[in-house]
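The briefing below is meant to be read beside the sequence and the coordinates.

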Amino acid sequence: MSTTDDVTEADDEPTPLGASETEELTRSARRSQRAQRRAAKEDRKTRVADPDDEIVFVYEPYTRYVPPLRPYVRELWRRRAFAREMARSKVQGKRSGNALGAVWSLLDPMFMVGIYYFLFTVIREGARPATFVPMLISGILHFQLTSGALNEGGASVAGATNLMLNSTFPRMLLPLSTIYAGVMAFVPSVVIIFGALVLLDVDISMQLFWWFPIFALQMCISLGLALIISTAVVFFADIKNLLTYITRIIFFTSPVIYPAEFLTPEIINAIRWSPFFGVFFNYQRIINAARPDWGMMTISIGWAVASVILGTWLFLRYEREFASHG
């Protein structure tokens, strides 16, 4: 008795369901083979074998539409630990080579406070409000945070080409982590600002609680502008050189180093539309135990909403082209 003969006889016998079933199985197998060939063909479009027999994924840019925002935000949230570690590494990187560490991040703005105090009070000998020094400390330390967001956040994408080519992650994490690093470095500044209010015998009122929404507006405007600038710098590198001048214009058109109450109504009307004028105007008001000015608050809210919407749209619109232009 031969096993081969048994198999041959079994193959020759019709199936209990008849020939139509055998034909159906054959068609199914052919459809499966065609599907596998199509999948392999599509797979070859996105994979390129390198000399080391490793698989390299090639992402082609799309420019026709902005990706859905909700899945993108979920992906950002899912990668929050990655952004937090990037921010922490940036802060530690700046401090690693210095014995005094974070002290240096405070010495520079405090040195500027001393210079402007000398210019405005000793040389000029002009009248100044009693809260001038805490306003000066608050203005310079807060503006240092905005300056870092615009300069470092604006250059964060253009300076991360290698990381983008070797990793897949939402590119918005780059400016977000830079701004988050600035906020981490700003924490000691908050202690200095409120410590100065206490030591210089400034009236501590409930109006200081407005610091939280005003600070939130400052960060939203900084984030929106950083997204716009970081997108523009990728395609136009010269904008990076203009950032210094843009920052100076914002610095002098905002009440950072001078009391806003000294400005004439004509000057206020001329520069009130500067992105951060309303923010620093209201910082000075709450230090003077006054409520925020609602007109300036409205302008700041408008800047925050418009800059975040425009910055997000621009960033997502061109995000997939960053690696090829960086």
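Phe111, Ile115, Phe118 and Leu119 make a nonpolar surface patch of about 390 Å², where a patch is built from residues with over 30% relative accessible area and no salt bridge, nonpolar side chains (Val, Leu, Ile, Met, Phe, Trp, Tyr) being joined within 5 Å and like charges within 9 Å. The model is predicted, so local features need pLDDT of at least 70 and side-chain atom pairs count only at pLDDT 80 or more, while totals for chains, interfaces and linings use all residues. Residues are numbered from 1 along each chain as its sequence is written, and side-chain values use heavy atoms, with hydrogens and water left out.

**Surface patch**

- Phenylalanine 118, one of the patch residues, lies in helix H5, which covers residues 103-123; helices (H or I, at least four residues) and strands (E, at least two) are DSSP runs numbered from the N terminus.
- Phenylalanine 118 has a relative accessible area of 43% and is therefore partly exposed, given that buried means under 20%, exposed over 50% and partly exposed in between (1.4 Å probe, protein chains only).
- The accessible areas come from the Shrake-Rupley method with a 1.4 Å probe, and for residues only the protein chains shown count as cover.

**Salt bridges**

- The count comes to three salt bridges, under the rule that a side-chain nitrogen of Lys or Arg lies within 4 Å of a carboxyl oxygen of Asp or Glu.
- In one of them, glutamate 85 pairs with arginine 88, with the closest N and O atoms 2.6 Å apart; both residues lie in helix H4 (residues 80-96), three residues apart, about one turn of the helix.
- Both partners are partly exposed, glutamate 85 having a relative accessible area of 45% and arginine 88 one of 29%.
- Elsewhere, salt bridges that share partners join Glu75, Arg78 and Arg79 into one network.
- An α-helix has 3.6 residues a turn, so residues three or four places apart point the same way.

- H13 has 25 residues and reaches 36 Å from its first C-alpha to its last, close to the 36 Å expected at 1.5 Å a residue; the expected span is 1.5 Å times one less than the number of residues.
- At the start of H13, a side-chain oxygen of aspartate 293 comes to within 3.1 Å of the backbone nitrogen of glycine 295.
- The buried residues of H13 include Met296, Ile299, Ala304, Gly311, Phe315 and Arg317.
- Alanine 289 sits in the loop between helix H12 (277-287) and helix H13 (294-318), and is partly exposed with a relative accessible area of 30%.
- The phi of alanine 289 is near 65°, a positive value in a residue other than glycine.
- Most residues other than glycine have a negative phi.

**Around H7**

- Serine 156, in the loop between helix H6 (132-154) and H7, is buried because its relative accessible area is 11%.
- A polar atom of the serine 156 side chain lies 2.7 Å from the backbone oxygen of glycine 153.
- Leaving out residues up to four places away in sequence, serine 156 touches Leu174, Pro175 and Thr178, a contact being heavy atoms within 4.5 Å.
- Leucine 163 lies in helix H7 (residues 161-166) and is partly exposed, with a relative accessible area of 31%.
- With the same exclusion of residues up to four places away in sequence, leucine 163 touches Met86, Phe169 and Leu174.

**Whole chain**

- The chain has 14 helices and two strands, and 37% of its 326 residues count as buried.
- Of the contacts in the chain with a separation of 6 or more, 77% are between residues 24 or more positions apart.
- The chain exposes about 19,400 Å², of which carbon and sulfur atoms supply 62%.

Notes:
Polar contact = N/O pair within 3.5 Å; in protein donor to acceptor, adjacent residues only side chain to side chain.
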